[in-house]
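Please keep the sequence and the structure in view while reading.

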Amino acid sequence: MEQRYLGRSGLRVSRMGLGTMTWGRDTDADEAATQLLAFTEAGGTLVDTADVYAEGESERVLGGLLGEVVRRDELVIATKAVARRDDGPFGGGASRGALLVALEGSLRRLGVEHVDLWQLHAWDAAVPLEETLSALDAAVTSGKVRYVGVSNYSGWQLGTAAALPGHVRIVSTQVEYSLLERGVEREVAPAAEHHGIGLLPWAPLGRGVLTGKYRNGTPSDSRGASSHFAGYVEQHRTERAARIVQAVATAADGLGTSPLCVALAWVRDRPNVAAPIVGARDSGQLLGSLAAEALTLPPAIRAALDDVSAVGFGYPERPMG
């Protein structure tokens with residue numbers, strides 16, 4: 001698998017990341033081990049988790065596989081903090097105290113001495129940005145974190161955090177980005193490019209909708225049929241999405257590949273994208289995503305997909321003439 005630098009940093013990651021949001025809940029440890037082995041054998045290195053995924057079980061499952069399935073130094077481990085874990089004074093948020101407590105918890109669950117990429121899961125308007133960034137500084141200075149990033153920041157939030165002087169450099173922003181969700185192209189992507197920050201798209205398959213599995217209903221074994229993911233998937237089951245899914249399916253038929261591969265290749269090769277984060281309930285789904293590594297979309301097909309999924313731009317993204 002091709003390796004890419006993450007933004008204007010020296011951190012190299014595989015151009016596909018393995019997401020672990022279902023690990024410890026819908027994906028047990030044995031299945032997670034199978035996924036991790038398949039991913040690393042394909043050349044994958046970036047594995048993404050968070051302190052709140054499955055209430056911390058995702059990190060525990062990943063930590064249990066280190067040394068058993070893969071060596072620690074074969075992976076770029078990325079995790080996140082900020083989301084609320086409990087009701088205690090340090091149970092969430094982006095205060096210095098809460099973040100450093102969260103980091104210690106992640107290190108303990110993962111069973112590692114450091115994480116390679118530590119990300120702020122969301123913006124916290126209640127905490128001064130300088131305080132939040134001071135926690136990132138302390139984490140890097142301590143050696144417990146190698147690089148830092150953010151997630152789900154708007155354009156102005158990303159630009160403000162990146163431009164504040166005297167703090168550790170932000171190298172990545174993790175955002176929802178797919179043929180069904182291109183809103184980041186208005187402000188977030190330009191801000192990231194300007195500041196040398198790499199994009200890590202989450203939900204690159206449109207929360208599973210771009211695979212075409214929901215075209216004729218809701219499969220009983222899909223996320224859309226589960227109690228905790230039904231609403232998550234439903235947001236992308238619209239008339240506009242149906243047109244885009246049809247275009248993806250047509251392109252896949254013409255190329256002799258799957259809609260999944262077409263959708264993933266499209267977002268993977270967008271400007272400034274380092275690695276889409278792909279989650280899978282089982283190893284079969286993951287192998288389908290890994291097959292996209294061999295696909296490069298022809299310019300004509302890419303242009304057609306760009307057109308059918310285009311987002312509206314106007315003032316102020318495009319200055320008045």
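At 10% relative accessibility, Glu176 counts as buried, where buried means under 20% relative accessible area, exposed over 50% and partly exposed in between, with a 1.4 Å probe and protein chains only. Because Arg207 lies in the loop between strand E9 (198-202) and helix H7 (230-234), while Glu176 belongs to strand E8 (residues 170-176), the pair ties together parts that are 31 residues apart in sequence. Helices (H or I, at least four residues) and strands (E, at least two) are DSSP runs, numbered from the N terminus.

## Basis of the values

The model is predicted, so local features need pLDDT of at least 70 and side-chain atom pairs count only at pLDDT 80 or more, whereas totals for chains, interfaces and linings use all residues. Residues are numbered from 1 along each chain as its sequence is written, and side-chain values use heavy atoms, with hydrogens and water left out.

## Other salt bridges

A search of the whole structure finds 19 salt bridges. In one of them, the side chains of Glu104 and Lys144 meet at 2.4 Å, N to O. Glu104 lies in helix H3 (residues 96-110) and Lys144 in the loop between helix H4 (129-141) and strand E7 (145-151), so this pair ties together parts that are 40 residues apart in sequence. Glu104 is partly exposed, with a relative accessible area of 36%, and Lys144 is partly exposed at 29%.

Arg182 forms a salt bridge with Glu185, their closest N and O atoms being 3.0 Å apart, and both Arg182 and Glu185 are buried. A network of salt bridges links Glu2, Arg4, Arg15, Arg268, Asp269 and Glu293.

## Packing of H1 and H2

Helix H1 (residues 29-41) and helix H2 (residues 57-65) pack at an angle of about 60°, with their axes 10 Å apart. In the contact (heavy atoms within 4.5 Å), Ala29, Ala32, Ala33 and Leu36 of H1 meet Val61, Leu62 and Leu65 of H2. The residues of this contact divide into 7 nonpolar, no polar and no charged.

Note on methods
Axes fitted to C-alpha atoms, helices over the stretch in contact; angles between N-to-C directions. Nonpolar A, V, L, I, M, F, W, Y, C, P; charged D, E, K, R; others polar. Salt bridge = Lys/Arg side-chain N within 4 Å of Asp/Glu carboxyl O.
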